[in-house]
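Hello,

Please find the structure below, as promised.

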Amino acid sequence: MKKIIGLVLLVFLTSVSFAQELNARVQILTPNISNINKRNVELLQNTIRDFLNNNKWTNDTYLPQERIECNFVITITKWDGSSAYSAEAQIQSSRPVYGSSYYSTLLNMSDKDFDFNYNDGQTLDFSDQNFISNLSSLFGFYAYTIIGLDKDSFSKHGGTPYYLRAQNLLNIAQAGGNKGWRAVDGLRNRFWINENLLNVSFRELRTFIYDYHLNGLDKLQENVPVGAKNIIALLPALQKMDKQKLGSIFPNAYFASKADEITNVLSTTDLQDRMVAFNLLSEIDPANIGKYEALKKTR
């Protein structure tokens, strides 16, 4: 009996020790492709989900409940009837807020150049050192980016090693000739999100991500006013960011997903604090000033 119990515990501990990092949900949509085989689409969807969830992307130990929540919604816009697909993707990831059931968005990005080739029944092979396929490179790139942002939210600038891995994949994938991997392919693609995440010009924003979650959102369960005031105290540091770069993809995508959340949290403070926050946010994130207007309203 003791041997059986010991074996069960060993299996359990082994499974915990090697728990993967991502808890990804994948949805593939084909709204304008009438002749596509729905069964094959479902198989592709499952193949991608298993690729993301079953690969070990880091050397770290993740408990099952620590896996990073993320969503991939892929809309196929063209299909050649064989193996070539043109698509767009919406990629989201989030992290839990301490002491609550709420998840705070870390990444919400639209990728318009999500083209790939896939043969029915094909397995997804992956290498950090060689280009195998655009499909595995796309999901490897986003896996590292998602992990990097999650690390940034728990450890100051902790995501750097994973952004560097994503950069390595980006450089290798450029040889494949697909769009979205190079600077010349556009201003809001994979090249630029990676460039921004590693660019010292946005170091204050990465510091903000850490402090906002650890000293802001994670404090709300204990004391809402303290957590909200901590967030307001963090905003002046963001004024150091280069104003010419505020329209870049990283700050734009980050604040687009955070503006409502920030407004809701700071709405718990008094009017004087809310006006301070509004004045700072309207300078830091002018694209979402309409959302921050709610901070000016009297309660």
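How many positive and negative side chains does the protein chain have, and how far apart do the centres of the two sets lie? There are 31 positive and 30 negative side chains, with 3 Å between the two centres. Lys and Arg are the positive residues in this count and Asp and Glu the negative ones, while His and the chain ends are left out. Each charge is placed at NZ of Lys, CZ of Arg, CG of Asp or CD of Glu.

The model is predicted, so local features need pLDDT of at least 70 and side-chain atom pairs count only at pLDDT 80 or more, whereas totals for chains, interfaces and linings use all residues. Residues are numbered from 1 along each chain as its sequence is written, and side-chain values use heavy atoms, with hydrogens and water left out.

Whole chain

The protein chain has 10 helices and five strands. These are DSSP runs numbered from the N terminus (helices: H or I, at least four residues; strands: E, at least two). The radius of gyration is 21 Å, which agrees with the value near 19 Å that a compact globule of 299 residues would have. That radius is taken over C-alpha atoms, and the globule rule is 2.2 Å times the number of residues to the power 0.38. Along the principal axes, the C-alpha atoms fill a box of roughly 60 × 60 × 35 Å.

Of the 299 residues, 45% are buried. Buried means under 20% relative accessible area, exposed over 50%, and partly exposed in between (1.4 Å probe, protein chains only). The accessible surface comes to about 14500 Å², and 52% of that surface belongs to carbon and sulfur atoms. Areas come from the Shrake-Rupley method with a 1.4 Å probe; for residues, only the protein chains shown count as cover. Among contacts (heavy atoms within 4.5 Å) with a separation of 6 or more, 69% are between residues 24 or more positions apart.

Helix α8

Helix α8 covers residues 249-266 and includes Lys258. Is Lys258 buried or exposed? Lys258 counts as buried because its relative accessibility is 0%. Beyond residues up to four places away in sequence, Lys258 touches Ser104, Thr105, Tyr212 and His213. The side chains of Lys258 and His213 are also joined by a polar contact of 3.1 Å. A polar contact is a pair of N or O atoms within 3.5 Å; within protein, one must be able to donate a hydrogen and the other to accept it, and residues adjacent in sequence count only if both atoms are side-chain atoms. Pro31 is 227 residues from Lys258 along the chain, with 29 Å between the C-alpha atoms.

Leu266 is in helix α8 as well, and its 0% relative accessibility makes it buried. Leaving aside neighbours within four places in sequence, Leu266 is in contact with Ala228, Ile231, Ile232, Arg274, Ala277, Leu281 and Leu295.

In the loop between α7 (224-238) and α8 sits Lys245. Lys245 counts as partly exposed, at 26% relative accessibility. Lys245 and Ala287 are 42 residues apart in sequence, and their C-alpha atoms are 13 Å apart.

Leu43 lies in helix α2, residues 38-54, and is partly exposed at 34% relative accessibility. From Leu43 to Gln122 is 79 residues in sequence and 9.8 Å in space, C-alpha to C-alpha.

Ser136 belongs to helix α3, residues 134-154, and is buried at 1% relative accessibility. Its side chain makes a polar contact of 3.1 Å with the side chain of Ser133. Not counting residues up to four places away in sequence, Ser136 touches Phe51, Asp125 and Phe126.

His157 is in the loop between α3 and α4 (160-173). Its relative accessibility of 16% counts as buried. Phi of His157 is near 60 degrees, a positive value in a residue other than glycine. Most residues other than glycine have a negative phi.

Regards
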